[in-house]
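Have the model open and follow along.

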Amino acid sequence: MKLSRRSLLATTAAAAASGAVAAPAQAAPGGNRPLRTGFERLDAEGYASLRGQRVGIVTNPTGVTRDVRHIVDVMHADRRVNLVAVFGPEHGFRGTAQAGGSEGRYDDPATGLPVYDTYLKSGQPLADVFTASGVDTVVFDIQDAGARFYTYIWTLYDCMEAAALAGKRFVVLDRPNPVTGREALGPVLHEEFATFVGRRPIAQAHGMTVAELARLFNGEFLTRPVPLETVLMTGWRRSDFYDASGLPWVPPSPNMPTPETALVYSGTCLFEGTNLSEGRGTTRPFELLGAAGVDGRWAAAANALRLPGVHFREAYFTPTFSKFQDTTVGGVQIHVHNRDAFDPVRTGIALLVTAKRVWSGFAWRSDNWIDKLTGSTQVRTMIDAGADTDEVVAAWRQELAAFRKTRKEYLLYR
């Protein structure tokens, strides 16, 4: 495996931090089944890599064992590890906050541990949080959903950057990408559109695990690489969907209730950038899409495209919150019948194109949030100009090919 200069620096730094001699790249864990997460391997090894360290962990409700005990509770009760702080992302450590919210600074009632808020903090302010907490090592363990605009991977990025500024060691405990790691899909973020829903130029559906992303961030994007260690899974294959893992699904955020939500999310989250409901306030967020005035013509137009792996059903629903709260709207429900053939990003673009063509009320959000989600003005301006799905998808082909080439250097599993 070829390593970039930054990746080599990161590997060397990790070796220096642990006192070990590191190989140029970590070997793939192989095909042993059943799956064991990074935390399960860390626990089985007696937390040896954390010995003698004051440890803080960045996590949320998804940081659980397979018998659904939270890893903070498990580690706090184990004398082999000195856990002294917890860091909560968007939605909070215990998951009490909705989208765009967090829990703030408090002491966890269950463990007495101080919980620090990382949400919307980055750079030196976040480094100051790590310094104030007194930790030596920052551990990260959060279940991702596989999409660039799902904010936990940018919490990972921000925490890595802050840990480097604060002189802290960083350890990532890996978990599966729930929608497989087979391929990267969709447009690549343009740097001038960087926000918390996309800090750096990666594809809309990145097809990587958090440990692989951490290596990519360290090798390609961080000005100062952090001393990084990754605890890999065993038994995970790139073609595996989440149900192959044998792990319980804990919603990583309030509107990600099932792995099926994650399957469509990297495409249908684009409707956050429109005046249509993306299904928040229903039992099927991101699978139900619609607006007041939409009728069966949308489902018919989408089905006429014969997109692989998916059917569209004319649907009517009444969101209990968010867009169209307490208003009955019309639209579509997405039914994926062949997830191996399904392309969520292409499907999301096709739904935008057909919605605009069949519904005269279609509009982008006035702040052009769609540009932040797609990573440039390209998708919005092409659809406005009358481009079809194939034309929009073809427009990002070169940038996606370049990202796929870079991505290969950082993959850890077959």
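## A helix and its sheet

Helix H9 counts 15 residues and spans 21 Å from its first C-alpha to its last, close to the 21 Å expected at 1.5 Å a residue. Keep in mind that this is a predicted model. Most of the helix is covered, as eleven of the 15 residues in H9 are buried; among them are Pro344, Val345, Ile349, Leu352 and Ala355.

What does H9 pack on? Its neighbour is a sheet, and H9 touches S10, S11 and S12 there. The direction of H9 makes about 50 degrees with that of S11.

Now to the sheet itself. Three strands build an open sheet in the order S10-S12-S11, with antiparallel pairing. S10 and S11 (310–317) are at the edges and have a single partner strand each, so one side of each lacks a neighbour in the sheet. From one strand to the next, the twist averages 25 degrees.

The two pairings look like this:

| Strand pair | Sense | Bridges |
|---|---|---|
| S10 and S12 | antiparallel | four bridges |
| S11 and S12 | antiparallel | eight bridges |

Leu289 is opposite Val332 in S12, and Phe312 has Ile334 in S12 as its bridge partner.

Finally, take a look at the side chains of S10 (residues 288–291). Leu288 and Gly290 point one way, Leu289 and Ala291 point the other way, and all are buried.

Conventions:
Residues are numbered from 1 along each chain as its sequence is written. This is a predicted model: local features need pLDDT of at least 70, side-chain atom pairs count only at pLDDT 80 or more; totals for chains, interfaces and linings use all residues. Side-chain values use heavy atoms; hydrogens and water are left out. Buried means under 20% relative accessible area, exposed over 50%, partly exposed in between (1.4 Å probe, protein chains only). Helices (H or I, at least four residues) and strands (E, at least two) are DSSP runs, numbered from the N terminus. Two strands pair if DSSP finds at least two bridges between them. Axes are lines fitted to C-alpha atoms, for helices over the stretch in contact, and angles run from 0 to 180 degrees between N-to-C directions. Contact means heavy atoms within 4.5 Å. The expected span of a helix is 1.5 Å times one less than its number of residues.
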